[in-house]
Amino acid sequence: MDAKRRLDLALDASEIGIYHIDLRTGTICADARYLAMLGYSLREINPTLDWWRSALHPHEVDGANESLVELINGDGERLRSEYRMRHRDGRWIWVEDRARIAERDEHGQPLLIIGVHIDISQRKRAEQKLAYQAEHDQLTHLLNRHSFLYSLKRVHAESQRTQRPYCIAMLDLDLFKQVNDTYGHLVGDRVLSNFAKLLRRSLREADWAARWGGEEFIVLMPNTEADQAQRSMERLRKTLATARFGMVEPPIRVTVSAGIAESSMDDRAGDEVIKRADTALYAAKHLGRDRVCPASACQMA
Ligand SMILES: Nc1nc2c(ncn2[C@@H]2O[C@H](COP(=O)(O)OP(=O)(O)OP(=O)(O)O)[C@@H](O)[C@H]2O)c(=O)[nH]1
């Protein structure tokens, strides 16, 4: 087998598309594999740099363009970037683009760029899945404690800057051990996951909800004062008190207790607000459960 045939077969197996850009005309000469990746055949399209730009995802168009401009005007010889391109059927394909200057004129100006496109959509999907799993609780799909604390750090800094308070609510399902003991752990899991849906639905877009651990949840409400937060948690409490979880007969009823704390300019970190909300939650439990206690009133407990 001659070397060219061997190379063709190897490229075919690799599913790597090859292209070159003629910088004098702005035309792209792409091979069949490059075009097939985007749903086109050789006869259907004459790609140009303008076409390439128009097919880029809005989130990556600037970055991809800058990498190319840097390759053309900078000192480097090589480019390596990742971006999405629109497939003919409307999907977005993640592409890894690796290219180099192939020819320069007598003044050193690039004339030709040669490169390859590799379809990395599968790897990107796997990375996105891993990132999601690292940030979310597996059972409830709410944020996990780690990513909640990360968001809290940012909201706390923003609140110090704007001098506008935020609120934290700590929530704990009441007597949840009885649910597990009566119906089993799997039914308990479903109650937790249905409660999480109810919680998410009852919040504003800007609020953050997380599973703090076990049957305990935490909510961060940016730009919110204690009375607004209390109204929001009261609504949730009432909705839950009248909800029925119908996975068994008779349907399960669950209530929730909550403690609410508003941030103050004296708080050095969000942890201090969490501590006050936790103390208020303890007061809510102590006062008989199925209630919302603001930290400002929990001395009553
Ligand atoms: N099904 C299920 N149960 C959980 C999970 N995490 C924690 N629990 C249960 O939640 C229950 C918490 O019980 P306790 O801490 O005694 O509190 P409680 O029964 O809710 O009572 P109060 O908090 O005092 O109202 C325990 O039975 C835990 O096993 C989980 O992921 N799934």
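Q: Which helices and strands each supply at least two residues of the shell around the ligand?
A: This is a predicted model: local features need pLDDT of at least 70, side-chain atom pairs count only at pLDDT 80 or more, and totals for chains, interfaces and linings use all residues. Residues are numbered from 1 along each chain as its sequence is written. Helices (H or I, at least four residues) and strands (E, at least two) are DSSP runs, numbered from the N terminus. The elements that each supply at least two shell residues are β6 (167–173), α7 (176–183) and α8 (185–202).

Q: How many residues surround the ligand?
A: A residue is near a molecule if its C-beta atom, placed from the backbone, lies within 6 Å of it. The closest are D174, F176, K177, G188 and G214. Helix α8 gives the most to the shell, with 4 residues. The number of residues surrounding the ligand is 16.

Q: How many residues of the shell around the ligand are charged?
A: Asp, Glu, Lys and Arg count as charged; Ala, Val, Leu, Ile, Met, Phe, Trp, Tyr, Cys and Pro count as nonpolar, and the others, Gly among them, as polar. The shell has 5 nonpolar and 4 polar residues. Its charged residues number 7.

Q: Is F217 buried or exposed?
A: A residue is buried if 20 or more other C-beta atoms lie within 10 Å of its own, exposed if 12 or fewer, and partly exposed in between, with C-beta atoms placed from the backbone. F217 lies in strand β8 (residues 216–221). Leaving aside neighbours within four places in sequence, F217 is in contact (C-beta atoms, placed from the backbone, within 7 Å) with residues including L171, L199 and W212. Because F217 has 25 other C-beta atoms within 10 Å, it counts as buried.

Q: Why does E96 count as partly exposed?
A: E96 sits in strand β4 (residues 92–104). Not counting residues up to four places away in sequence, E96 touches E82, I118 and I120. E96 counts as partly exposed because its C-beta neighbours inside 10 Å number 16.

How values were computed. Two residues are in contact if their C-beta atoms, placed from the backbone, lie within 7 Å.
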